[in-house]
Amino acid sequence: MKFGGTSMAGSERIRRVANIVRRQQAAGHEVAVVVSAMAGETDRLVNFCREANPLYDPAEYDVVVASGEQVTSGLLALTLQALGCKARSWLGWQLPIHTDDAHAKARIGSIDSEALLASMAAGEIAVIPGFQGVTDGGRVTTLGRGGSDTSAVAVAAAIGADRCDIYTDVDGVYTTDPRIVAKARKLKYVTYEEMLELASVGSKVLQTRSVSLAMKEGVRVQVLSSFIDDDATPADEIPGTMIVSDEELEGLDMESQLITGIAADKNEAKVILTRVPDRPGAVATIFGPLAAANINVDMIIQNVGRDKGETDVTFTVPSADLLRAQTLLEAQKEAIGFNRIITDAKVAKISVVGVGMKSHAGVAATMFRAMADRGINIQAISTSEIKVSVLIDEDETELAVRVLHTAYELDAE
């Protein structure tokens, strides 16, 4: 079971979470719980780091931000004990959860689950802070924003759990953000592949890496709400959204719809390098340093070469990495040979996702037509087998989502 920041925001909500956990144990389950920091706490800690040093050392950043989950794991264990349950918190270094040393975005290598399983078999509820691990050198690491989802799936895989329930502030996965489109519909089932694309393009329900890990390890994930009454249906019967394999979905004999959902992501920034030499290896000199600094690049567009043997290269990076990316590229200006850098953080990525795209033509055309009819300008485009993403002005995000939700006939009746 995993509980997000809004579920852990304060003593009253932690008590509610403890009751949900206690009911699962009372039903005969062995339970491990992964918790996030209280809502807003990680942002507060990140701001402290930025105030201390705008170009902070990621290793020390991890020491600061990992403390949020340590607090909530201890508080939940204490609350469970007050309810008469045997409970014990296990910090990332105590299990331990082994990660690489890519601080602030570490990847899990393995989890030592022997002591954890013995504790659970003895009737103890294990409470584990999400988002954190430890390097071989004994340094604390964090897994990147939203990393508690990845922690939960990794723990579920390590202990061979029957299911990983992700409790959040929504009661499932919707066709789009219900706060933007009131007619958004809750989906009963979503495939790993679709959820992977939705998560990667801005759906905040699950972290991308958690879905990728669930797909790789075959962990069945259920998304459901922790904001339920004490007499609500237990999680084994609750109608959340199950994230399953293509094979399991086919076994349910459900007709796959063309588009599953629409996601929006405002945490993108556009970078343009002008007058880059149009020669073999030029692009490698741009993206090599960014990769070495663990900065993810998404959309990439290289314009047609000019007569002078020059070209413009446009790409997007996460907004949080824009300053670092800009600093790195300026340092490499001579090696790359570009003229100047133009950046724009006021952009948003809008994506339509669905496995039905594999066998249907015209999905992109519908998207472009719908946006053109409303005068929304497209700055960049990227596609995959089951996704089409466009970059637009941030101010037009909500309009674009509503227009596309209607264009693909996703509105609930």
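1. Arginine 275 is found in strand β15 (residues 261-277); strands here are DSSP runs of E with at least two residues, helices are runs of H or I with at least four, and both are numbered from the N terminus. Arginine 275 has a positive phi of about 55° although it is not a glycine. Its relative accessible area is 33%, partly exposed (buried is under 20%, exposed over 50%, partly exposed in between; 1.4 Å probe, protein chains only).

2. On provenance: this is a predicted model, where local features need pLDDT of at least 70, side-chain atom pairs count only at pLDDT 80 or more, and totals for chains, interfaces and linings use all residues. Residues are numbered from 1 along each chain as its sequence is written, and side-chain values use heavy atoms, without hydrogens and water.

3. The structure holds 3 aromatic pairs (ring centres of Phe, Tyr or the six-membered ring of Trp within 6.5 Å; stacked under 30 degrees between planes, edge-to-face over 60, tilted for the rest). One of them is stacked: phenylalanine 3 and tyrosine 167, at 4.6 Å centre to centre and 15° between the planes. The pair links strand β1 (residues 2-3) to strand β9 (residues 164-168), 164 residues apart. Phenylalanine 3 is buried at 0%, and tyrosine 167 is buried at 1%.

4. Phenylalanine 287 and phenylalanine 315 pair edge-to-face, at 5.0 Å and 75°. Phenylalanine 287 is buried at 14%; phenylalanine 315 is buried at 0%.

5. Check the backbone too. The peptide bond from leucine 95 to proline 96 is cis, omega near -10°. Proline 96 sits in the loop between β3 (87-89) and β4 (97-99).
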